[in-house]
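Me: I am new to this structure and would like to learn how to read its helices. Could we go through them one at a time?

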Amino acid sequence: MTQPTIPLNDGAQIPQLGFGTWQTPEETAAAAVSAALAAGYRLIDTASFYGNETGIGKGILVSGVPREEIFVTTKLWNSQQGYDETLRAYDESLQRLRLDYVDLYLIHWPMPHRSRYLDSWRALVTLKNKGRVRSIGVSNFQVPHLQHLLDETGVVPSVNQIELHPYFQQRPLRAFHAQHEIVTESWSPLGQGGALLRDERVLRIARKHRKTAAQAVLRWHLDSGVVTIPKSVNPERIRENFNVLDFRLDSEDIVLLDGLDNPKGRIGPDPDTADF
Ligand code: A2P
């Protein structure tokens with residue numbers, strides 16, 4: 001089955017369904033990535049903060065899947081923001097991953113009170129101009145942070161990876177993305193496996209399509225046009241979450257799931273006030 005991809009604003013293509021690895025420990029990362037690649041995933045998402053880049057690199061290496069067929073994302077941690085620090089952090093991530101480039105490098109959080117994300121962004125632009133990274137973007141940026149990058153550098157991020165699930169749909173931010181050709185990527189797409197997957201309205205849609213609640217939710221992400229990166233360390237659920245390319249939600253399902261939005265439904269930190 002051909003995998004859906006989405007064009008980025010720099011001409012690259014990103015697979016729409018990827019594999020998340022937040023909270024995947026270093027010891028299990030290689031096995032999880034091997035299982036994901038065997039299941040068919042071709043986008044692997046990590047971050048220096050996750051502490052598992054070495055295991056992720058090992059999983060990629062032993063998988064036998066050619067490097068050029070895998071889209072690898074990693075992220076710059078907050079403590080390494082700044083122009084020179086970012087260039088150094090990128091090299092360190094590559095060493096841990098045992099790769100000579102990543103497909104997408106993201107600033108993990110804006111940390112607006114530290115005022116360093118603009119310098120970090122300029123370093124990402126340098127890496128991109130030198131051909132050392134394929135695409136560059138950000139994560140957890142709000143509209144004013146994105147606007148600041150555009151005003152000061154004129155370089156539009158290819159991706160903004162944000163918390164997004166049916167209980168927290170981020171419509172105003174996504175409208176800004178659409179206006180500026182920024183691809184939306186959803187983290188914690190399953191609402192971290194919590195109440196969302198037990199929601200009777202989600203379960204009803206899942207039953208109708210003979211799918212699980214997680215599969216119905218992931219299909220909603222794909223049908224909404226975003227890139228999504230469900231996380232699991234369980235081989236069965238890794239396969240389950242990839243097995244969503246053979247059905248589509250109907251308009252009634254989409255209206256219902258769109259209706260679950262709650263602007264206060266954020267599970268993770270608020271990027272405006274986060275301090276870590
Ligand atoms: P596990 O890793 O043990 O499978 P999110 O991607 O929204 O952050 O969700 C990740 C959480 O949801 C993890 O706790 C993960 O647990 C759990 N999870 C992942 N896939 C499924 C699934 N198909 N059904 C139920 N829970 C899942």
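Me: In which crossing, left-handed or right-handed, does helix 4 pass helix 5?

Reply: This is a predicted model. In it, helix 4 passes helix 5 in a right-handed crossing. The contact is made by Tyr 117, Leu 118, Trp 121 and Arg 122 on the helix 4 side. Helix 5 brings Pro 144, His 145, His 148, Leu 149, Glu 152 and Thr 153. By class, that contact has five nonpolar, three polar and two charged residues.

Me: At what angle do helix 4 and helix 5 pack, and how far apart are their axes?

Reply: Two packed helices are described by the angle between their axes and the distance between the axes. For helix 4 (residues 117-129) and helix 5, the angle is about 60 degrees and the axes are 11 Å apart. The two helices are therefore oblique to each other.

Me: At what angle do helix 7 and helix 8 pack?

Reply: Helix 7 (residues 200-208) and helix 8 (residues 213-223) pack at about 90 degrees, with their axes 8 Å apart. That angle makes helix 7 roughly perpendicular to helix 8. From helix 7, the contact takes in Val 202, Leu 203, Ile 205 and Ala 206; from helix 8, Ala 213, Ala 216 and Val 217. By class, there are seven nonpolar residues in this contact, no polar and no charged.

Me: Which residues of helix 5 are buried, and why do they line one face of the helix?

Reply: An α-helix has 3.6 residues a turn, so residues three or four places apart point the same way. In helix 5, the buried residues are His 145, Leu 146, Leu 149 and Leu 150. Seen down the axis, the buried residues of helix 5 fall within an arc of 140 degrees, so they line one face. Pro 144 and Asp 151 are exposed on the other side of helix 5. The buried residues pack against helix 4, strand 7 (135-139), strand 8 and helix 6. Just after helix 5, Gly 154 has a positive phi of about 70 degrees.

Me: Which residues of helix 6 are buried, and what covers them?

Reply: Helix 6 (residues 171-180) has Leu 173, Arg 174, Phe 176 and His 177 buried. They cover an arc of only 155 degrees around the axis, which puts them on the same side of helix 6. Their cover includes helix 5 (143-153), strand 8 (159-163) and strand 9 (183-187). Pro 172, Ala 178 and Gln 179 are exposed on the face of helix 6 turned away from its buried side.

Methods:
Residues are numbered from 1 along each chain as its sequence is written. This is a predicted model: local features need pLDDT of at least 70, side-chain atom pairs count only at pLDDT 80 or more; totals for chains, interfaces and linings use all residues. Side-chain values use heavy atoms; hydrogens and water are left out. Buried means under 20% relative accessible area, exposed over 50%, partly exposed in between (1.4 Å probe, protein chains only). Helices (H or I, at least four residues) and strands (E, at least two) are DSSP runs, numbered from the N terminus. The arc is that of the directions from the helix axis to the C-beta atoms. Contact means heavy atoms within 4.5 Å. Axes are lines fitted to C-alpha atoms, for helices over the stretch in contact, and angles run from 0 to 180 degrees between N-to-C directions. Angles under 35 degrees count as roughly parallel, over 145 as roughly antiparallel, 65 to 115 as roughly perpendicular and the rest as oblique. A crossing is left-handed if the near helix is turned anticlockwise from the far one by less than a right angle, and right-handed if clockwise. Ala, Val, Leu, Ile, Met, Phe, Trp, Tyr, Cys and Pro count as nonpolar, Asp, Glu, Lys and Arg as charged, and the others, Gly among them, as polar.
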